[in-house]
Amino acid sequence: MEDYKFLFKVVLVGNAGVGKTCLVRRFTQGLFPPGQGATIGVDFMIKTVEVDGEKVKLQIWDTAGQERFRSITQSYYRSAHALILVYDISCQPTFDCLPDWLREIEEYANNKVLRILVGNKTDREDREIPRHIGDDFAQRNGMYFLETSAKEAENVERLFMEIAVELMEQAKCKELPKYDGSLGPINDKNKAVAVAKVHVLN
Amino acid sequence: MLPINKITHRLCFMMSKTLYITCCCGCCSALRPRYKRLVDNIFPALPQDGLVKSNMEKLTFYSLSSPEKLDRIGDYLFQKASRDIYRRRHGFVIIAMEAMDQLLLACHSQTLNLFVESFLKMVQKLLESTDPQLQILATQSFVRFANIEEDTPSYHRRYDFFVSKFSAMCHSNHTDKPTRDSIRLAGIRGLQGVIRKTVSDDLVENIWEAQHMDKIVPSLLYNMQGAEKYETVLCLEPETDTREGIEEPPKLAEACLRELVGRASYGHIRSVLRPVLTHFDRHELWLPCDFAVHIFKIIMFSIQAQYSYSVVEALMQHLDASGGGSGTRVRAARATVLSNIVAIAAGDSVGPSVLEIINNLLTNLRASVARDSELSFQKESDERLYQEALINALGEFADHLPDFQKIDIMMFIVSKIPSGRGKPTKADCMLQSILLKSLLKVGTTYKTTELSKAFPAAFLEALLRVSSTSEARTRALLQRILHTLLDRRANAPLLIVPTVNYEQLGLTVEKCSRPDLIFISKHGYAIFSSLYEGLQLESNTAENISAIYTTLSLLAIELASEETVCDMLQLILAIQQSAISNPVLSAAQQCQLHAVAVALAALVPHVLVLPPLGDYVKQIIEARREEAEHMLPPLSDEYDVPPNKLPNKLPYLMIDQMALGECLKASGIEPSRLQTASPYTGGATVGLAHRHSWVEAGATQGRDSLADISAGPVTELDSANSSPGVQRHPAQSESVSLEALRRAASGPSEAERRDAERRKVSLNNTFRTAPFDHLLHITQPKYEIQDKLEEIFNSISEEPLLPVGAGSPAGKTQNQVQPYTKYLTELFLY
């Protein structure tokens with residue numbers, strides 16, 4: 001029986017080719033698609049994880065990194081609970097663009113959104129951005145930081161799990177007051193009823 | 001949706017068949033809820049067998065008879081389906097969805113709300129799966145739901161997820177093309193469903209919010225830009241109700257966009273247009289502009305007519321916006337799009353919005369001209385493209401407005417033209433010519449009926465003011481504007497170059513109407529003298545002179561009347577006179593003026609049917625043809641004339657005022673007005689202050705008072721200090737007598753002419769090149785002659801033989817000459 005107590009929306013952003021789609025695929029489907037083409041517009045995946053014995057459903061919106069899709073991807077920031085900003089540790093330009101991305105996030109996303117900086121492709125030999133540089137940047141901007149490898153499945157699970165834990169804590173503290181309106185077609189009251197019913201049935 | 005009669009039929013059938021089951025099954029309900037058993041029963045043992053029809057009917061009947069159970073049925077179905085999805089038993093999922101669809105359609109709308117929650121949960125569940133088949137299935141169900149009209153509001157329902165997901169589906173990048181297309185189609189249908197569901201209901205989600213429009217609009221456009229070619233039609237065929245018919249994403253996206261735009265109210269137009277413009281910038285779709293034109297035409301065709309103006313407005317505001325690598329070419333493309341759609345808006349624009357559009361276009365033009373003059377080294381042609389596109393937009397727009405608004409617009413444009421005063425900068429000149437081009441564009445769309453309506457006084461004055469600008473090409477442009485406005489009978493193309501053979505042209509001539517006569521009697525002087533001035537400019541090219549000829553000939557045709565003939569002939573004489581006496585003109589220009597004068601003189605009798613006059617002019621033409629071809633049309637830029645054939649050496653080839661008077665008399669027209677003093681001042685430079693009041697002067701004084709001779713000399717005196725060449729030749733004759741003057745008026749002798757010519761040239765050179773001191777010096781020793789002349793003139797003025805303005809041209813000339821000779825003789829004599 002599948003149901004969930006919490007639903008969180010996670011949006012991945014970052015330059016084209018940093019591995020956003022691969023991260024999502026690795027996490028949701030457990031595979032690394034070699035030769036993954038560029039994402040067009042937005043892609044959508046779902047994954048339910050369990051935190052402290054409670055089911056948490058993660059709606060993952062994987063956006064296109066290409067400049068031309070920027071206007072449609074921006075429209076997805078708004079309802080996000082967590083934003084994962086990805087760069088490629090073997091590609092300096094993708095790191096240099098981070099301030100631009102932050103500006104965009106400031107502009108379009110909820111200001112309480114959970115922000116995580118991710119340096120992807122740690123499997124690569126030709127690292128250009130040392131770990132501490134990324135860490136510094138994240139600290140300066142009040143973000144969580146993690147280095148991952150979608151190819152080696154390193155830290156990918158952890159990334160999403162930590163997001164789930166963090167968001168759940170936030171939600172428990174505040175009983176999700178501010179995200180009320182944006183939780184998809186099911187409102188809180190109904191969900192509570194649904195959850196209650198599941199308990200009865202079980 | 002099932003037809004109602006089918007449902008009722010089915011209901012009756014079930015009633016009769018299943019009545020007994022309902023009766024005896026009450027006892028089993030203790031074991032397991034009855035609704036669960038009914039739901040379980042609709043699933044077959046094997047998924048490929050499909051929904052168990054008879055059991056489905058039972059379930060439907062049950063839910064209809066006890067609607068309070070609907071929410072539980074829905075919920076239970078959802079649970080079952082979730083489990084099946086999890087176990088990847090897609091066959092059962094499809095069956096569950098089908099069952100829910102049937103229940104949804106069978107339910108009465110009052111009870112629907114209970115069921116819809118779980119129905120949508122189900123749809124969402126399916127959409128969340130990665131299987132394209134389930135996603136498409138879910139979309140179909142959603143669309144079915146969207147087409148149901150609910151009568152109870154659903155405050156709590158949210159479509160945020162659906163918009164997000166459907167938009168994502170519109171961008172599907174599935175490797176298999178047919179699958180990709182069907183996912184995209186499903187996405188578009190889904191969006192269409194959301195729009196239908198939300199747009200009419202104020203209580204549910206506001207679909208027009210930016211967060212939704214920013215997803216919906218780009219998704220639709222993204223699918224449309226993939227089409228191989230763009231065919232824009234006014235509206236799609238009605239059968240494309242889009243649920244099944246369309247199989248190509250671009251077509252369906254177009255239908256959806258039309259629906260969206262068509263439903264937008266005034267406040268919502270902007271929320272649709274903003275993402276459109278952003279999308280074009282982001283995807284760099286302005287160039288080439290055919291797709292942009294396609295989209296904007298679709299928007300214009302489907303928008304509610306009264307709002308179409310706001311599209312134009314939005315696009316105009318976006319003209320200069322950055323983004324999309326906004327070069328001049330992009331701007332030009334945007335302007336082209338604008339010119340393509342502006343006509344569609346014109347029909348519905350009224351009042352201030354019209355002027356606002358025009359003003360906006362002009363502002364953009366001015367900005368462009370400013371840019372252009374700043375960096376005139378490169379990109380110039382691009383900027384030109386942009387300007388041209390803007391002017392086209394202006395013309396397109398004006399073309400679709402009623403005539404009275406066109407005049408308003410033209411006046412508005414004229415008011416924006418920088419005045420020709422002072423030293424115009426390069427930018428001013430460019431702006432002037434750009435605005436005149438705009439004016440011409442608007443003017444060509446205007447159909448003149450009455451001249452007084454086409455030329456309100458303020459408009460006419462502004463036009464005439466521009467006609468004396470220093471740029472020769474600008475002046476030619478202005479004449480073209482006059483042509484379009486004057487030419488009511490399509491004669492202008494025939495009269496582009498001067499000619500004397502009017503018989504072959506096939507001109508259309510009609511009698512001049514009364515209002516036109518009133519118009520010309522009010523403003524004729526202003527128009528004629530402005531055109532006359534136009535002919536006197538040193539910078540004139542053959543093009544300028546031809547253009548003025550065309551204007552004059554059009555005036556002669558449009559105002560063909562015996563009342564105006566004298567004015568016309570007077571002007572012709574003045575032109576001829578100026579060709580002889582205006583020293584700034586080159587030999588070529590003189591020849592051109594003679595040609596124009598004779599061409600016009602030949603036109604007048606042709607238009608008015610005055611055989612004696614016609615014969616006379618014909619004689620002159622024949623004579624010139626033999627002796628002086630260069631004094632006949634066609635005009636050319638270079639004349640190779642032997643010195644003895646110069647126009648001023650051939651007095652007997654001139655049009656003679658007396659002879660004209662005789663010819664008019666022979667046709668029964670009173671020639672007295674012809675013999676009054678010529679109101680046209682001779683100089684090329686007349687004080688600007690004087691020029692300003694022409695229109696009023698003409699209107700208030702009336703024509704006759706202009707013949708008042710005292711007015712002429714005074715103004716000439718004013719202008720004389722800037723123009724040394726304003727003089728009359730009789731001053732040069734040695735012995736001044738009535739006889740001599742008369743001879744002089746009909747043309748000086750050949751020797752005198754040669755002499756005068758030489759003097760004129762040297763005078764010109766002297767005054768152009770010599771320093772002022774030198775000029776003073778060389779004029780010193782001429783006192784004796786001046787004294788002598790003064791004496792002579794004194795004696796003349798005492799002569800009682802020639803009352804002022806009584807008819808003798810000599811008398812008149814003398815009167816005009818006097819003040820000059822008195823004070824400035826040395827200038828003329830040297």
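Predicted model: local features only at pLDDT ≥ 70, side-chain atom pairs only at ≥ 80, totals over all residues.
Chain A and chain B bury about 3100 Å² between them, with three salt bridges counted across the contact. Over all chains, a search of the whole structure finds 28 salt bridges.

**Where chain A meets chain B**

- The contact draws on 35 residues from chain A and 35 residues from chain B.
- Of the roughly 3100 Å² that the two chains bury, 54% is on carbon and sulfur atoms.
- Seven residue pairs are in polar contact across this interface, with both partners at pLDDT 80 or more.
- Five elements of chain B give two or more residues to the side that touches chain A: helix 4 (70–86), helix 6 (109–128), helix 8 (160–170), helix 10 (210–224) and helix 12 (266–282).
- Helix 8 of chain B provides the largest share of that side, with eight residues.
- Sorted by class, the side of chain B that touches chain A has 15 charged, twelve polar and eight nonpolar residues.
- One salt bridge to look up joins the side chains of Lys57(A) and Glu128(B), at 2.6 Å from N to O.

**Chain A as a whole**

- Chain A has seven helices and six strands.
- Following the sequence, these elements come in the pattern β-α-β-β-α-β-α-α-β-α-β-α-α.
- Chain A has 202 residues, and 56% of them are buried.
- Take the contacts in chain A between residues at least 6 apart in sequence: 74% of them join residues at least 24 apart.

- Thr73(A) sits in helix 2 of chain A, which covers residues 70–77.
- Thr73(A) counts as buried because its relative accessibility is 0%, and the cut-off for buried is under 20%.
- The side chain of Thr73(A) comes to 2.9 Å from the backbone oxygen of Arg70(A).
- Leaving out residues up to four places away in sequence, Thr73(A) touches Gly41(A), Val42(A), Thr63(A) and Ala64(A).
- In chain B, Val311(B) belongs to helix 14 (residues 308–318).
- Val311(B) is likewise at 0% relative accessibility and so counts as buried.
- With residues up to four places away in sequence set aside, the residues that Val311(B) touches are Ile269(B), Leu273(B), Phe296(B), Ile299(B), Met300(B), Ile303(B) and Ile341(B).
- From Val311(B) to Leu385(B) the separation is 74 residues in sequence and 22 Å in space, C-alpha to C-alpha.

**Salt bridges within each chain**

- As a reminder, side chains of opposite charge can pair when their charged atoms come close.
- In chain A, the side chains of Arg103(A) and Asp100(A) form a salt bridge at 2.5 Å, N to O.
- Arg103(A) and Asp100(A) are three residues apart in helix 4 (residues 98–108) of chain A, so about one helical turn separates them.
- Arg103(A) is exposed, at a relative accessible area of 52%, while Asp100(A) is partly exposed, at 39%.
- In chain B, Arg274(B) pairs with Asp214(B) in a salt bridge whose closest N and O atoms are 3.5 Å apart.
- That pair links distant parts of the chain, with Arg274(B) in helix 12 and Asp214(B) in helix 10 of chain B, 60 residues apart.
- Arg274(B) is partly exposed at 39% relative accessibility, whereas Asp214(B) is buried at a relative accessible area of 16%.
- Arg270(B) forms a salt bridge with Glu313(B), and their closest N and O atoms are 3.1 Å apart.
- Here too distant parts of the chain are linked: Arg270(B) is in helix 12 and Glu313(B) in helix 14 of chain B, 43 residues apart.
- Arg270(B) is partly exposed, with a relative accessible area of 35%, and Glu313(B) counts as buried at 13% relative accessibility.

Definitions and conventions:
Residues numbered from 1 in each chain as written. Chains lettered and ligands numbered in written order. Heavy atoms only, no water. Contact = heavy atoms within 4.5 Å. Buried area = accessible area lost by both parts, 1.4 Å probe. Salt bridge = Lys/Arg side-chain N within 4 Å of Asp/Glu carboxyl O. Polar contact = N/O pair within 3.5 Å; in protein donor to acceptor, adjacent residues only side chain to side chain. Helix = DSSP H or I, 4+ residues; strand = E, 2+ residues; numbered from the N terminus. Nonpolar A, V, L, I, M, F, W, Y, C, P; charged D, E, K, R; others polar. Buried < 20%, exposed > 50% of the residue type's maximum accessible area, 1.4 Å probe, protein only.
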